[in-house]
Structure formats: structure tokens, C-alpha cells
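Visitor: I have a structure here and would like a guided walk through it. Could you take my questions one by one?

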Amino acid sequence: MGNVVSLSQSGSTTVKIYGRPTGSDTYQIGDAPNGALFVSGLTATDDSNNLWYEINYNHCQAWVSATVVTVVKAPGGRYHPN
């Protein structure tokens, strides 16, 4: 159960995926194409109070910055694609 989220990074064709909720390139584990859809069951904030969404990426817990996330369906809500 969670939010369906769409990822989009302005000025890029991909979105960085991280192994923990931090923007450090040290923790980047991959990337996803703009428009990729994921289910996010958790959110977290980092030490700078930035919001992050948890996703399942290649069968692993991963994180994306809220700045690249659009929630397209909340639990119990309607699907609203971009």
C-alpha cells in the first residue's frame, strides 16, 4: 500500500536513485527514465529537512528526492497520470 509516484528531472532524461535518503553521489545506486512510475510506501527527511520518497528499485529499498516526484495516485484515490 502506498502512493503511485512519477519521476521527472527537469533538464535531464533520467532521475538519480539513491540507496539512502541523501543526495550524495556516493550513495547513488542507479537511475530511472523520466516518467517512470513506482509505488512509494514511506517518506523520510534528511539532515537538511529535505523530503525523500522510498521506492523499490531492482528489488532493493531505494530513495528519490521529493523534488523529482509527482504523486499520481494516493491510497484510495484516483489515478491521475501526468
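Guide: The protein has 0 helices and 8 strands. The model is a predicted one.

Visitor: In what order do the elements of the protein run from the N terminus on?

Guide: The secondary structure comes to 8 strands and 0 helices. From the N terminus on, the elements therefore read as strands, by the DSSP runs used here. The order is β-β-β-β-β-β-β-β.

Visitor: Which strands stand at the edges of the open sheet, each with a single partner strand?

Guide: The open sheet has 3 strands in the order β4-β1-β8, and the pairing is antiparallel. β4 (37-40) and β8 (69-73) each have a single partner strand, so one side of each has no neighbour in the sheet. The twist averages 40° from one strand to the next. The edge strands are β4 and β8.

Visitor: How many bridges join β1 to β8?

Guide: Strands of a sheet pair through backbone hydrogen bonds, either parallel or antiparallel. Here β1 and β8 run antiparallel. Ser6 stands opposite Thr70 in β8. The number of bridges joining β1 to β8 is 4.

Visitor: What is the bridge partner of Val5 in β4?

Guide: Strand β1 covers residues 3-7 and pairs with β4 in the antiparallel sense over 4 bridges. Ser6 has Leu37 as its bridge partner in β4. For Val5, the bridge partner in β4 is Phe38.

Visitor: How many of the residues of β1 are buried?

Guide: Asn3, Val5 and Leu7 point one way from β1, and all are buried. Val4 and Ser6 point the other way, and these are buried as well. β1 is mostly covered, and its buried residues number 5 of 5.

Visitor: Which residue forms a salt bridge with Asp25?

Guide: Side chains of opposite charge can pair when their charged atoms come close. The count here comes to 1 salt bridge. Its closest N and O atoms are 3.2 Å apart. The partner of Asp25 is Lys16.

Visitor: Is Lys16 buried, exposed or partly exposed, and at what relative accessibility?

Guide: Buried means under 20% and exposed means over 50%. Lys16 falls in between, so it counts as partly exposed. Its relative accessibility is 40%.

Visitor: Is Pro33 buried or exposed?

Guide: Pro33 lies in strand β3 (residues 28-33). Leaving out residues up to four places away in sequence, Pro33 touches Leu7, Thr13 and Thr14. Its relative accessible area is 52%, and the cut-off is over 50%, so Pro33 is exposed.

Visitor: How far apart in space are Pro33 and Val15, C-alpha to C-alpha?

Guide: In sequence, Pro33 and Val15 are 18 residues apart. In space, C-alpha to C-alpha, they are 6.2 Å apart.

Visitor: The backbone oxygen of which residue lies 2.7 Å from a polar atom of the side chain of Ser40?

Guide: Ser40 sits in strand β4. At 3% relative accessibility, Ser40 counts as buried. Beyond four places in sequence, Ser40 is in contact with Gly2, Asn3, Val5, Tyr53 and Glu54. The backbone oxygen at 2.7 Å belongs to Glu54.

Visitor: With the side chain of which residue does the side chain of Ser65 make a polar contact?

Guide: Ser65 is in strand β7 (residues 60-65). At 17% relative accessibility, Ser65 counts as buried. Ser65 touches Leu51 and Trp52, not counting residues up to four places away in sequence. The polar contact spans 2.8 Å, and the partner is Thr67.

Terms used:
Residues are numbered from 1 along each chain as its sequence is written. This is a predicted model: local features need pLDDT of at least 70, side-chain atom pairs count only at pLDDT 80 or more; totals for chains, interfaces and linings use all residues. Side-chain values use heavy atoms; hydrogens and water are left out. Two strands pair if DSSP finds at least two bridges between them. Helices (H or I, at least four residues) and strands (E, at least two) are DSSP runs, numbered from the N terminus. Axes are lines fitted to C-alpha atoms, for helices over the stretch in contact, and angles run from 0 to 180 degrees between N-to-C directions. Buried means under 20% relative accessible area, exposed over 50%, partly exposed in between (1.4 Å probe, protein chains only). A polar contact is a pair of N or O atoms within 3.5 Å; within protein, one must be able to donate a hydrogen and the other to accept it, and residues adjacent in sequence count only if both atoms are side-chain atoms. Contact means heavy atoms within 4.5 Å. A salt bridge is a side-chain nitrogen of Lys or Arg within 4 Å of a carboxyl oxygen of Asp or Glu.
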